[in-house]
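Trainee: I would like to learn how to read a few features of a structure. Could we take them one at a time?

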Amino acid sequence: MRVRSRSVTGSLAALAAALLVATAWFAAVAPRAKAAGPGFVQRCGIHFCVNGQTVYFAGANSYDLFTYGSGSGDTETQYMDKAGIDAQMANMAADGVTVVRTWMFSHESWHGFEPSKGQMNEQEWSEFDYILYSAAQHGLRVIPTIENYWSAYGGIGQLLNWEGLSSGDPANGQFFDASKCAGCLADYEYEVDYALNRVNHYTGVAYKNDPTIFSWELMNEPRHQNQTPNDDTTGTVFRQWEDAVGAHIKSIDGNHMVDNGIEGQGTSYGYGSDNGVPYVYECQSPYIDFCSAHVYPTESWANLSVSATQSLIAKYITDAHNSAGKPMFLGEFNTSSSTRSTYWPAIYSTIETDGGDADAFWWYENSSKDGTYGVLHGDPVLATFTAHSNADKAKSGSGGPTTTPSTTPSTTPSTTPSTTPSTTPSTTPSTTPSTTPSTTPSTPPSGSCRVAYQLSDWGTTFNGSVTMYNTGATAINGWTLKFAFPGPQTITNAWNAVTTQNGQQVTAVNPASYDITIPAGGSLNFGFSATSTPGTNGVPATFTLNGMVCSQ
């Protein structure tokens, strides 16, 4: 959703500026763990799981949590509004919300995370510490959105300006192209490194190790529109960017999923325009764990009937599961207030019937209700949402709740300053849980497998992405893939596979509780980070799947 940030003027802004004490901090990148620890939400095939059990999530957007409080004065008692954050979490939990999508970005002086280039605002990050703490206390997961395509709170337009470039839509698309903005990737990864390595001062837990976090969302509604010939439909520039930053995140954090935050618009869906981030292609990135779409059927440019909205959402779910092989998250949706009694039951019915994995309506407010899309605790339409949440819980396994931090919030204030913006949607087209099969490997017939190996090489380090295709007529239940590196390469961490290495020989085996079966005509992907000697790397000559040589 495109939003406008609320500005603060006069004496309050002056006070905030006077109190601003920013701290520059660039943490060293820690090695990524081999697999997520207990309690984290993971991707298990085409669904989400926790501790090996399939789980569905009913959620809401409460994007402005980071603005609760005066944005000035004492960190613990004035800058942030702890009571307001706790009340919002309690209300959402009471209504059945299990996952909250919220902003973790702002480059403004008031409630800004990074109000000037390379200078982090410790007070604002302390407030986000409390947001995560409170969410855990109320049994909620959190999806922090790292950046914004739109101009609210500065967004990537501010990063472009810091690099001496123009901003706006569609000019912001140049952010994703290193040939146009050489420093933008480093600016973005600075934010990533700070967030993932930050230690929550209430819990003592680093963000990258906190199961309260559902996933890292790369950006709110990114686009690469009208930038290069044909890229509106091919999406290659954004894909290169999301592959790079996705690999960077996974090199630091082996616990959390990553999603891209796109809207899913496109002429092939009869919804919005082609804007350089095609839904399926971008979701097929080996570094993206689930597909994202945002749906606003009653916007004038969309004008979708109830049945057309249902068909659109059903297609998003089908394409995520069948074409990308991943879960589907309806990251934003809503309709005009007068139509919700018709649209909401139909939308939730489609999600439940077609096997959608998670959703989050826009937007759960705490006060000053927005007349277009705002929803407050006690609104009648929330009865429909609560019923949907209960249905999700009924078909979920016993994956277990989010872990609750054991420490009591510190009252020691930190220093620095930086509420709720009004929403204006972009006027431009801005299934059944899989069963756990036997893990006894079955050997595919001759010629029934193919392997694609994607190499991202930086000399002394690299990432590898391996996609295994079952070209046969029967499912492969349990898999072991073997190959040999061409030189002195050493895997340091892996995801979606358990790897062992003996010299140049590598063996990758399916995880114990997910991604066990490669369906007939289907595929599975795993990836790894590794070290290398410059000039010695390349694609392995041979891959064997359950003892059978695969084509490449």
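Trainee: Is strand 22 largely enclosed by the rest of the structure or exposed, and how many of its residues are buried?

Mentor: Bear in mind that this is a predicted model. In a regular strand the side chains alternate between the two faces of the sheet. Here, strand 22 covers residues 523-531, and seven of its nine residues are buried, so the strand is largely enclosed by the rest of the structure.

Trainee: Which strand pairs with strand 22 over nine bridges?

Mentor: That is strand 15, residues 461-470, in the antiparallel sense. One of the bridge pairs is T467 with N525 of strand 22. Strand 18, residues 490-495, also runs antiparallel to strand 22 and is joined to it by five bridges. There, A494 has F528 as its bridge partner.

Trainee: Which residues touch the most other members of the largest nonpolar core?

Mentor: In soluble globular proteins, nonpolar side chains tend to be buried together. The largest nonpolar core has 97 residues, and F175, Y271 and F361 touch the most other members. Leaving out residues up to four places away in sequence, the contacts of F361 include F333, W344, Y348 and F385. Another core, of 24 residues, lies apart from the largest one; among its members are M468, I491, L524 and F526.

Trainee: What lines the second largest cavity?

Mentor: Rolling a probe the size of a water molecule over the atoms shows where empty space is left. The second largest cavity holds about 30 Å³ of space. Its lining has four nonpolar, two polar and two charged residues: M104, S106, H107, F113, E114, M120, W125 and E191.

Notes. Residues are numbered from 1 along each chain as its sequence is written. This is a predicted model: local features need pLDDT of at least 70, side-chain atom pairs count only at pLDDT 80 or more; totals for chains, interfaces and linings use all residues. Side-chain values use heavy atoms; hydrogens and water are left out. Buried means under 20% relative accessible area, exposed over 50%, partly exposed in between (1.4 Å probe, protein chains only). Helices (H or I, at least four residues) and strands (E, at least two) are DSSP runs, numbered from the N terminus. Two strands pair if DSSP finds at least two bridges between them. On a 1 Å grid over the protein atoms alone, a cavity is a set of points where a 1.4 Å probe fits but cannot get out, and a pocket is an open set with protein on both sides within 12 Å along at least five of seven lines; lining residues have an atom within 4 Å of a point. Grid points are joined across faces, edges and corners, and a volume is the space filled by probe spheres set on the points. Ala, Val, Leu, Ile, Met, Phe, Trp, Tyr, Cys and Pro count as nonpolar, Asp, Glu, Lys and Arg as charged, and the others, Gly among them, as polar. A nonpolar core is a set of buried Ala, Val, Leu, Ile, Met, Phe, Trp, Tyr and Cys residues joined through side-chain atoms within 4.5 Å. Contact means heavy atoms within 4.5 Å.
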